[in-house]
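The exercises below are meant to be worked with the sequence and the structure side by side. Try each task before reading its solution.

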Number of protein chains: 2
Amino acid sequence: MMVLITYDVNTETPAGKKRLRKVAKQCVNYGRRVQNSVFECILDNAQCIMLKAVLSDIIDKECDSLRFYYLGNKYQTKIEHIGMEKGISADDILIM
Amino acid sequence: MMVLITYDVNTETPAGKKRLRKVAKQCVNYGRRVQNSVFECILDNAQCIMLKAVLSDIIDKECDSLRFYYLGNKYQTKIEHIGMEKGISADDILIM
């Protein structure tokens with residue numbers, strides 16, 4: 001299934017930047033980074049549980065926000081895009 | 001239906017900040033801002049077409065990215081959250 005992961009983090013601090021890099025590295029194992037802190041991952045149930053646990057350990061729950069949206073298997077018709085298409089690698093930090 | 005809107009914009013420039021403010025103002029008419037540049041909107045088809053046209057006019061298509069995810073009507077079970085819940089008003093700019 002497609003799981004959309006959105007991550008809200010303060011990247012003005014080196015620690016925030018580092019957490020975004022770590023989150024991105026985990027997410028791109030399962031899909032792609034479509035925006036600076038938005039990831040489209042293809043996961044089965046077991047992978048989803050594991051990834052949630054891993055990301056939960058990376059983020060700072062006091063100040064970061066992580067959201068998961070379950071788009072199912074027929075996700076191709078559920079997504080539209082306007083503007084620049086970004087090919088962002090897991091290691092990139094773009095200025096938001 | 002629930003439409004998730006994610007907006008990737010460089011807020012290091014005053015123009016980018018202004019575009020994010022404008023996008024947020026439009027989106028929160030129809031829902032809430034769950035992260036700095038992530039909006040959950042409840043829209044019918046006509047509203048959705050209109051909002052897409054309005055947002056399309058606001059953003060800079062050369063450098064911004066806007067994505068729409070259609071979560072349907074049974075979206076309540078399709079969303080999970082970890083970390084800080086942000087109550088972000090349309091006028092706020094948080095540092096990403």
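**Exercise 1. Work out the order of the strands in the open sheet, and state how they pair.**

Solution. The open sheet has five strands in the order S2(A)-S3(A)-S1(A)-S4(A)-S5(B), with antiparallel pairing; strands are DSSP runs (E, at least two residues) and helices are DSSP runs of H or I (at least four residues), numbered from the N terminus, and two strands pair if DSSP finds at least two bridges between them. The edge strands, each pairing on one side only, are S2 (31-35) of chain A and S5 (79-83) of chain B. This is a predicted model, in which local features need pLDDT of at least 70 and side-chain atom pairs count only at pLDDT 80 or more, whereas totals for chains, interfaces and linings use all residues. Residues are numbered from 1 along each chain as its sequence is written, chains are lettered from A and ligands numbered from 1 in the order in which they are written, and side-chain values use heavy atoms, with hydrogens and water left out.

**Exercise 2. Follow the bridges from S1(A) through S4(A) to S5(B).**

Solution. Begin with S1(A) and S4(A), which pair in the antiparallel sense over seven bridges; here Ile5(A) has Phe68(A) of S4(A) as its bridge partner. Next, S4(A) pairs with S5(B), again in the antiparallel sense, over five bridges, and Phe68(A) has Glu80(B) as its bridge partner in S5(B). Finally, seven of the eight residues of S4(A) are buried, that is, under 20% relative accessible area, where exposed means over 50% and partly exposed in between (1.4 Å probe, protein chains only).

**Exercise 3. Through which surface do the copies meet?**

Solution. Compare the interface residues of the chains: 100% of those of chain A are also interface residues in chain B, so the copies meet through the same surface.

Methods. Contact = heavy atoms within 4.5 Å.
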